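Morning, everyone. Please look at the screen.

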Amino acid sequence: MTADAGVAGAYELDLDTALQPAGNGRYLGTLTDRWSVGVGINGGYLAAFCLQGVLLESELPDPLSMTMHYLSRPLPGPAEVRVEAMRAGRGHATYRFDLLQHERGSEPESRVDVRATGLVL
């Protein structure tokens, strides 16, 4: 990993998984093709991207386990991570997340594809 010269202490993965809160468990970011392998984006990068949304939503600092199912191939470009707390206690929580992308060339209110879904404990 190399630090980006424009941001002190920032690494490529940190920059490429950065998300902005959009309210109500929604986080917006951009999937980059920097992590592509063959015709698709690397699954580990996609997991890290989604995990950022869960970490922003959770009061607990470290995930114990993560399960992710890839439903369709995400594309480089704008993406949304929706996070829902299924159970939250003092020392343990379970979160569900979805990785969403709007159909290319469509209005924001039109068809949304769920590209991946999963759980974090």
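Start with helix α2, residues 43-57. At 1.5 Å a residue, its 15 residues should span 21 Å, and the end C-alpha atoms are 22 Å apart, so the two values agree. Keep in mind that this is a predicted model.

Now the N-terminal end of α2. N42 caps it: a side-chain oxygen of N42 lies 2.7 Å from the backbone nitrogen of G44.

Which residues of α2 are buried? They are Y45, L46, A47, F49, C50, L51, G53 and V54. Two of these, Y45 and F49, come up again with the rings.

On to the rings. The count is two aromatic pairs. One is W35 with Y45, which is stacked, at 5.8 Å centre to centre and 15° between the planes. This pair links distant parts of the chain: W35 sits in the loop between β2 (26-31) and β3 (36-37), while Y45 is in helix α2, 10 residues apart.

Are these two buried or partly exposed? W35 has a relative accessible area of 25%, so it is partly exposed. Y45 has 2%, and buried means under 20%, so Y45 counts as buried.

The other pair is Y45 with F49. Their ring centres are 6.2 Å apart and their planes are at 55°, so this pair is tilted. Y45 and F49 are four residues apart in helix α2, which means about one helical turn separates them. Both are buried.

To put the rings together: W35, Y45 and F49 form one aromatic cluster.

Definitions and conventions
Residues numbered from 1 in each chain as written. Predicted model: local features only at pLDDT ≥ 70, side-chain atom pairs only at ≥ 80, totals over all residues. Heavy atoms only, no water. Helix = DSSP H or I, 4+ residues; strand = E, 2+ residues; numbered from the N terminus. Expected span 1.5 Å × (residues − 1). Buried < 20%, exposed > 50% of the residue type's maximum accessible area, 1.4 Å probe, protein only. Polar contact = N/O pair within 3.5 Å; in protein donor to acceptor, adjacent residues only side chain to side chain. Phe/Tyr/Trp six-rings, centres within 6.5 Å; stacked < 30°, edge-to-face > 60°.
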